[in-house]
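Subject: Structure handover

Dear colleague,

Here is the structure we spoke about, with the sequence alongside. My notes follow below it.

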Amino acid sequence: MIKFDVLTLFPDMFHAVLGDSIINRAREKDLVKMDFINIRDFSQNKHKKTDDYPYSGGGGMLMTPQPIYDAYMSVASSCEKKPYTIYMSPQGSVFNQKKAIELSKMEHIVVLCGHYEGVDQRVLDMIVDEEISIGDFVLTGGEIPAMAVIDSVCRMIPGVLSGENSYTNESHYDGLLEYPQYTHPQEFMGIKIPDVLISGHHKNIEIWKRQQALINTLKKRPDMLEKAPLTADDIKFLDQIRKKS
């Protein structure tokens, strides 16, 4: 089981999104545990303020260190070892499937969601192990990125999805984009599914899947092919496709 403790000013956002569907079923089966801690509850300010003006000047407000630190300690003080702590930040390393797999093997993760113009650096230096971004853009807070990361990590935990094939064949898992998929009916508006998929020839179907994944990646994300673990057959097939185009 993996445990997430999320430090946020808006815990209700998480209940609305992560309290439904596959992730909620994983929580009900005790495969995942989540607590959403309201940072504002730990403010010592009489008005429960959690932000103030930055000393550096400029526009916007910064989250103050005291409420964040105390919220963090409400979790960490009872732990035998320091929980791995992530700060959702546009300055962090960009999240990917490899990182999702890595995080899914941890037992306890604390996720800090910033807001306003950011967080006082002192508390980040005290508690944060890693900063993670979901892309080179800025949002109003860390809540939406945190939900994306948590959802992605939870899907990698054994038992959350119906089977290992539910994620090992997906885009990015093995460095490639996923192959095209089809369902019933066999013909829709005059367009039939590829004959190989109804041939019953499992080896040919697996070859088709691999080749279509290579074509899809070449077409949409050719940059991924530079790092993907390609076989000699993969490279030969890609060379043929490139010559035809």
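I start with one helix. Glu-206 and Lys-209 sit three residues apart in helix H8, which means that about one helical turn separates them. Their side chains form a salt bridge, with 3.5 Å from N to O. Glu-206 is partly exposed, at 48% relative accessible area, whereas Lys-209 is among the buried residues of H8. Please keep in mind that this is a predicted model.

H8 itself covers residues 202–220, 19 residues in total. From first C-alpha to last, H8 reaches 27 Å, close to the 27 Å expected at 1.5 Å a residue. Besides Lys-209, the buried residues of H8 include Ile-205, Trp-208 and Leu-214. Helix H9 (232–244) is part of what covers the buried residues of H8.

On the overall fold: the secondary structure comes to nine helices and nine strands. The radius of gyration is 23 Å, well over the 18 Å that the globule rule gives for 245 residues, so the protein is more spread out than a compact globule. Along the principal axes, the C-alpha atoms fill a box of roughly 70 × 40 × 40 Å. Of the 245 residues, 41% count as buried. Among contacts with a separation of 6 or more, 72% are between residues 24 or more positions apart. The protein exposes about 14700 Å², and carbon and sulfur atoms supply 51% of that area.

The structure holds 10 salt bridges. Two more of them are described here.

Asp-35 pairs with Lys-3, the closest N and O atoms being 3.4 Å apart. Asp-35 is in strand S2 (residues 32–38) and Lys-3 in strand S1 (residues 2–8), so this pair ties together parts that are 32 residues apart in sequence. Lys-3 counts as buried at 19% relative accessibility, while Asp-35 is partly exposed at 32%. Both belong to a network of salt bridges that links Lys-3, Asp-5 and Asp-35.

Asp-129 and Lys-82 also meet in a salt bridge, at 2.7 Å from N to O. Asp-129 is in the loop between helix H5 (121–127) and S7, and Lys-82 in the loop between helix H3 (65–76) and strand S5 (84–94), 47 residues apart. Asp-129 is partly exposed, at 38% relative accessible area, and Lys-82 is partly exposed too, at 41%.

Last, the surface. Phe-10, Met-13, Ile-134, Phe-137, Leu-139 and Ile-144 make a nonpolar patch of about 490 Å². Phe-137 is in the loop between strand S7 (130–133) and helix H6 (143–154), and counts as partly exposed at 43% relative accessibility.

Regards

Methods
Residues are numbered from 1 along each chain as its sequence is written. This is a predicted model: local features need pLDDT of at least 70, side-chain atom pairs count only at pLDDT 80 or more; totals for chains, interfaces and linings use all residues. Side-chain values use heavy atoms; hydrogens and water are left out. Helices (H or I, at least four residues) and strands (E, at least two) are DSSP runs, numbered from the N terminus. The expected span of a helix is 1.5 Å times one less than its number of residues. Buried means under 20% relative accessible area, exposed over 50%, partly exposed in between (1.4 Å probe, protein chains only). Contact means heavy atoms within 4.5 Å. Patches are made of residues with over 30% relative accessible area and no salt bridge: like charges are joined within 9 Å, nonpolar side chains (Val, Leu, Ile, Met, Phe, Trp, Tyr) within 5 Å. Accessible areas come from the Shrake-Rupley method with a 1.4 Å probe; for residues, only the protein chains shown count as cover. A salt bridge is a side-chain nitrogen of Lys or Arg within 4 Å of a carboxyl oxygen of Asp or Glu. The radius of gyration is taken over C-alpha atoms; the globule rule is 2.2 Å times the number of residues to the power 0.38.
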